[in-house]
Amino acid sequence: MNKEKEVIYGLYDDEEILLSAVKQARADHLDIMDVYTPFPVHGLDHAMGMEESRLHIAGFVYGAIGTLTAFLFMTWVFTRDWPIIFGGKPYWSVPAFIPITFELTVLFSAIGMTVTFFTICGLAPGRTNPTLDDRITDDKFCLAFDASDSGEDVRDGLRNFLSSTGASEVNLKTI
Amino acid sequence: MDQFVFDTKKRWVLGGGMILGLLCLLITFFTDDQFHTRFWTNFLHNSVFFTGIAFISLFILSAFTTALAGWSTLIKRIWEAYSLFMIPGLILMLVIAAGVWGHWHHLYHWADEAAVKADRIMLGKSSFLNKNWYAFGTLIIVGAWIFFAMRIRKYSTEEDKNGPGTDFSYHRKIRIFSVIFLPLAGFSSAAMIWQWIMSLDAHWYSTLFAWYTGASWFLSAMSLTILTVIYLRGQGYLQHVTADHLHDLGKYLFGISVFWTYLWFSQYMLIWYANIGEETIYFRERMDNYKPLFFLNLAINFLVPFFIFMRNDTKRKVGSAAFVAIVVFIGHWLDFFLMIKPGARITAMEAAAHSAGGAHDAVAHGAGMPFAIGFSFPGLLEIGTMIGFLSFFFYMVFTRLAQASLTPKNDPYIEESLHHQVV
């Protein structure tokens, strides 16, 4: 991951132009490194041919772990470890356990998914990720190709592709 | 195909369903006890259920209009058609109200004036739980809802004929009526739910009962919407409605199912925890004598939509969406069954014991209630009655759908709905 990459990218002014460029790139069998947009663009994931994220499956597993942790822990505490009668209720009072079980399910899945997401994306406190261009967080839509191992003819081909599909700027940057 | 045709075949099928329902109602009436309790509870149950679906459809329509939701524009005609069922619904509820005046039935304990005088709790509630409030409250409040439904429908169909108007004047009018309707509906529906359903257990009350019932109506309406959309698409209509629209409808079914469970549990847990006799009686009665239904209700209304609709693809596929919608629809019909039957049954049993010369408390509360089809669990007559009301509902809905184009073509949000995309 630490190896420097040479990236050829084009900046588009409009998400519709970007979307058709992405579709064109896929049709031409070009290997897209990534697409950067200032806001979510509908249909972009599909156009890029991205698989559905599996983060939610992880979320379900974390949630189930939370459910079990809370429920089994309370069961152990109130029936084995330290049984106390509250308000004349039985030791094992399932309705009273439900709110905490719910909270822990949410907590586990939220924290677990956040940590997983950060790990997948390589995010951590103090880490900076290089941006190709500051304007992609504002009003530009960027389509990037990894050209580290490409010869000059391939690079020219990528540059031509970007400008022919309507990119207003085409640049090369080492990140 | 933009124009829905309510052809003879559909009329015959729905007409047959209505005749079946009528037959079941008549059989119930003539094989019933002296107060016709089973007949009247079935009548009340289905009237409240389908009137509520009509009401909540207008609520959905207004909420979506107010929130500037564009995706639902393609299917808003279905909710318009649903909401106009409030007109026959009002008539059905007025039959019950007339029964309160004429003492045709013993559904409501508070309708028995002698019993109210001897009862401190019911006396305290008598300024609200009385026959005037019941009849005129229903007439005025449901009448007001109908007014809003007809106005919104009128502007919507006029928009179709005359174009969007200068500065989208039709849409703006619909929005104004929607915005006024929402708070009005929120407060007035609570009063109606208390009158129609909660007062069956005249001594008991719960402050979140109205939301709980409202959520139940919402889910019934949403599942019927999913089924109607799937049916109309199968018939060759609504071809612009895609899996993405189905997905969003499924999200509502999923989300509000969780909300419903949350309300169910909130109501249950607070009463369980506080353990005050006059509050626990509601659940004691249902857990002891209606056990199968009590747990079935929770299982199919929470577990089925929660675990099946948790995934994306199940909401988008016709088969799984229709399956969950059918289960949830039946589930909430059972939910209303469980809200209505036990209270009315006790009232009728006490009245029967009373008129037979016994003491007022001849039927002790909490004592074992014998298992009886029609009260402990829906029997064939209940199912037939439900099919009758459902056919009646759809007869009216299809009549309304045939009166206007299925696509509101001049709605300013139609383009957004045509290009709706969720994943």
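These legends describe close-up views of a predicted model. Local features need pLDDT of at least 70 and side-chain atom pairs count only at pLDDT 80 or more, while totals for chains, interfaces and linings use all residues. Residues are numbered from 1 along each chain as its sequence is written, and chains are lettered from A and ligands numbered from 1 in the order in which they are written.

**View 1. Domains of chain A.** Domain 1 comprises 6-52 + 134-174 and domain 2 comprises 55-121; such bounds come from an automatic or database domain assignment. The C-alpha centres of the two domains of chain A lie 44 Å apart.

**View 2. The open sheet of chain A.** Four antiparallel strands follow the order 2-3-1-4 (strands are DSSP E runs of at least two residues, helices H or I runs of at least four, numbered from the N terminus; pairing needs at least two DSSP bridges). Strand 2 (32-36) and strand 4 (169-174) of chain A are the edge strands. Strand 2 pairs with strand 3 (residues 141-146) of chain A over 4 bridges, and Val35(A) has Leu143(A) as its bridge partner.

**View 3. Helix 2 against helix 9 in chain B.** Helix 2 (residues 37-66) and helix 9 (residues 209-234) of chain B pack at about 80 degrees with axes 8 Å apart (axes are lines fitted to C-alpha atoms, for helices over the stretch in contact; angles run from 0 to 180 degrees between N-to-C directions). The two helices of chain B are therefore roughly perpendicular (65 to 115 degrees).

Terms used:
Parallel < 35°, antiparallel > 145°, perpendicular 65-115°, else oblique.
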